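I opened the notebook on this fold today and jotted down what I looked up, entry by entry.

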Amino acid sequence: MRSDEFYMYRALDQAHLAAAAGEVPVGAVVVDARGEIIGAAYNAPVASCDPSGHAEIRALRKAGQQQGNYRLEGCTLFVTLEPCMMCSGAMVHARLARLVYGAAEPRAGMIESKANLLAQPWFNHQIAVTGGVLASASQKLLKGFFATRRGSPSK
């Protein structure tokens, strides 16, 4: 199995595709226990007219279809931005083994920023979490995207 950074770079590749499509640059990949990427996606709620079109949800869907099962036991989700409440719930339902994310999301992040949703004792499944992997690269991409949209130079 390759390093967390290797897979996070693959998620960043997806985030760049989102930015090129005019979507908020968030990317995700799902990796199976053998280290194979079985789902990759980027944010596309605008293009798909789908409020659930987050990178995490789309990558989980692709992985489930590839595996022929919505339960992705033993799999890891790599995502460039701390997941929201919707995506956190989907990860629990998918029975992921692990979540690895890049930048914290201070407004809506449900892993560390606003709450620690995955650590709640009432869930019948627990997910190991590693945050901050290539966080600066994810933050830089997001800041550049929003600075461009606002017409101001990125820092």
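This is a predicted model: local features need pLDDT of at least 70, side-chain atom pairs count only at pLDDT 80 or more; totals for chains, interfaces and linings use all residues.

**Entry 1: a helix to start with**

I began with α5, which has 16 residues and reaches 22 Å from its first C-alpha to its last. That is close to the 22 Å expected at 1.5 Å a residue, the expected span being 1.5 Å times one less than the number of residues. For the element names, helices (H or I, at least four residues) and strands (E, at least two) are DSSP runs, numbered from the N terminus.

Residues are numbered from 1 along each chain as its sequence is written, and side-chain values use heavy atoms, with hydrogens and water left out.

Next I asked which residues of α5 are buried. I found Ala-135, Ser-138, Leu-141, Leu-142, Gly-144, Phe-145 and Ala-147. My cut-offs are under 20% relative accessible area for buried, over 50% for exposed, and partly exposed in between (1.4 Å probe, protein chains only). The buried residues of α5 pack against α1, β3 and β4.

**Entry 2: Ser-138 up close**

I picked Ser-138, which sits in helix α5. Its relative accessibility is 2%, so I put Ser-138 down as buried. Not counting residues up to four places away in sequence, Ser-138 touches Leu-12, Thr-80, Gly-102 and Ala-103; contact here means heavy atoms within 4.5 Å.

**Entry 3: α1 against α5**

A reminder for the page: two packed helices are described by the angle between their axes and the distance between the axes. For α1 (residues 4-20) and α5 (residues 135-150), the axes come within 11 Å and cross at roughly 0°. That makes α1 roughly parallel to α5. The axes are lines fitted to C-alpha atoms, for helices over the stretch in contact, and angles run from 0 to 180 degrees between N-to-C directions. Under 35 degrees counts as roughly parallel, over 145 as roughly antiparallel, 65 to 115 as roughly perpendicular and the rest as oblique.

Which residues make this contact? From α1 I listed Leu-12, Ala-15, His-16 and Ala-19, and from α5 Ala-137, Ser-138, Leu-141 and Phe-145. By class, I noted 6 nonpolar, 2 polar and no charged residues. In that scheme Ala, Val, Leu, Ile, Met, Phe, Trp, Tyr, Cys and Pro are nonpolar, Asp, Glu, Lys and Arg are charged, and the others, Gly among them, are polar.

**Entry 4: the sheet**

I then traced the open sheet: 5 strands in the order β2-β1-β3-β4-β5, with mixed pairing. Two strands pair if DSSP finds at least two bridges between them. At the edges stand β2 (37-42) and β5 (128-130), each with a single partner strand, so one side of each has no neighbour in the sheet. The twist averages 15° from one strand to the next.

β1 (residues 27-31) and β3 (residues 76-81) pair in the antiparallel sense over 4 bridges. I looked up two partners in β3: Val-79 for Ala-28 and Thr-76 for Val-31. β3 and β4 run parallel, joined by 5 bridges. There, Leu-77 has Leu-99 of β4 as its bridge partner, and Thr-76 stands opposite Arg-98.

How many residues of β3 are buried? I got 6 of the 6, so β3 is largely enclosed by the rest of the structure. For β4 it is 5 of the 6, so β4 is largely enclosed too.

**Entry 5: α4**

In α4 (residues 85-94), I found Cys-87, Ser-88, Gly-89, Met-91, Val-92 and Ala-94 buried. Their cover includes α3 (55-67), β3 and β4. Arg-95 follows α4, with a positive phi near 60°.

**Entry 6: two loop residues**

Asn-124 lies in the loop between β4 and β5. Buried or exposed? Asn-124 is exposed, at 62% relative accessible area. From Asn-124 to Val-92 I noted 32 residues in sequence and 8.3 Å in space, C-alpha to C-alpha.

Gly-22 is in the loop between α1 and β1, and at 33% relative accessibility it counts as partly exposed. Leaving aside neighbours within four places in sequence, Gly-22 is in contact with Phe-145 and Arg-149.
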